[in-house]
Amino acid sequence: MPNTSKPIFIANWKMNLGLKETIELTKKITGDLKSFKGNTDIAICPSFTALAEVSKILKKSKIQLGAQDVFWEEKGAYTSNISAAMLKEIGCKYVIIGHSERRQYLHETDRMVHQKVKCVLEENLIPIICVGETFEERQQGNKDYTIIKQVSGALKGITLLKDQEIIIAYEPVWVIGSGQAVDPKEAEYTNQVIRRTLIDLFFPVEMLGKSIRIIYGGSVDSKVINEFVGEHTVDGVLVGGASLKEKEFVEMIKKIK
Ligand code: PGA
């Protein structure tokens, strides 16, 4: 059974760092956290081009490796794509799927997200499924509908085996990179919407505690971390901008004992 009772901190470095910068930042963070004894899971998701090098550095640490995307086929003529088996081979444990930036710029659909989740689980990797409403959807009163649709689209028909794990990241699109996280009460409310959707999809309540973590992402930094993870409002955070700053990311993790 996976141990999902620990909070998780996931750094999403997006397309921000070259190989050299990625190696430098990874070394700094692993160095700072060398003697850290907190009961937390930590993952770093660099660009594809840096996965192999980061994997080597992380081997000596408690930090895990994650990828920012995956393709749903096992192998074949799919120029430019990368399979779940390739990510596993290189040392990944986590894979971000359906990030709003992929949905927006690459027109990733719920169906694609579903296919990716399936192949990631088959390789025994952990999908980090991103869901969240745009500002327009929110203005039109369709926030819950969007969340329910994205969670159902990703997971309908999927059965979780005992040792498999899933992370769902609620990331309101309009908050990402804005410098202002949502009110923690809103993250908590959305967490309930996601939980109810999962129960409707036949994920039993006990599984929600053991195999599924619901986390929050969107302008999280060390100033607000205690309101989210410290208060157990969510099971962890997906961090973009603040994870690119060594001290900021480390401070955030150290604040949660
Ligand atoms: P942010 O990004 O922390 O910079 O808002 C979060 C994300 O997009 O995962």
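How many nonpolar, polar and charged residues does the lining of the second largest pocket have, by class? I come back to this under the pockets.

**Entry 1: ground rules.** I am working on a predicted model, where local features need pLDDT of at least 70, side-chain atom pairs count only at pLDDT 80 or more, and totals for chains, interfaces and linings use all residues. Residues are numbered from 1 along each chain as its sequence is written, and side-chain values use heavy atoms, with hydrogens and water left out.

**Entry 2: the chain.** I looked up the secondary structure and found 11 helices and 8 strands in the protein chain. Helices (H or I, at least four residues) and strands (E, at least two) are DSSP runs, numbered from the N terminus. For 257 residues a compact globule would have a radius of gyration near 18 Å, and the protein chain agrees with its 17 Å. That radius is taken over C-alpha atoms, and the globule rule is 2.2 Å times the number of residues to the power 0.38.

**Entry 3: the ligand.** A side-chain N or O atom of His-99 is 2.7 Å from a ligand oxygen. A polar backbone atom of Gly-177 also lies 2.7 Å from an oxygen atom of the ligand. For a backbone N or O atom of Gly-241 I noted 2.8 Å to a ligand oxygen. The protein covers 95% of the 280 Å² of accessible area (Shrake-Rupley method, 1.4 Å probe) that the ligand has on its own.

Entry 4: The largest pocket has a volume of about 450 Å³. Of its 17 lining residues, Phe-48, Gln-68, Asp-69, Arg-102 and Leu-106 are the closest to its centre. Helix α4 (residues 100-105) supplies the largest share of this lining, 3 residues.

The second largest pocket holds about 320 Å³ of space. Its lining has 15 residues, with Thr-30, Lys-34, Lys-60, Ser-61 and Lys-62 nearest the centre. Helix α1 (residues 19-32) gives the most to it, 3 residues. To settle my opening question, the lining has 5 nonpolar, 5 polar and 5 charged residues.

A pocket is an open set of points on a 1 Å grid over the protein atoms alone, where a 1.4 Å probe fits, with protein on both sides within 12 Å along at least five of seven lines; lining residues have an atom within 4 Å of a point. A volume is the space filled by probe spheres set on the points.

Methods
Ala, Val, Leu, Ile, Met, Phe, Trp, Tyr, Cys and Pro count as nonpolar, Asp, Glu, Lys and Arg as charged, and the others, Gly among them, as polar. A polar contact is a pair of N or O atoms within 3.5 Å; within protein, one must be able to donate a hydrogen and the other to accept it, and residues adjacent in sequence count only if both atoms are side-chain atoms.
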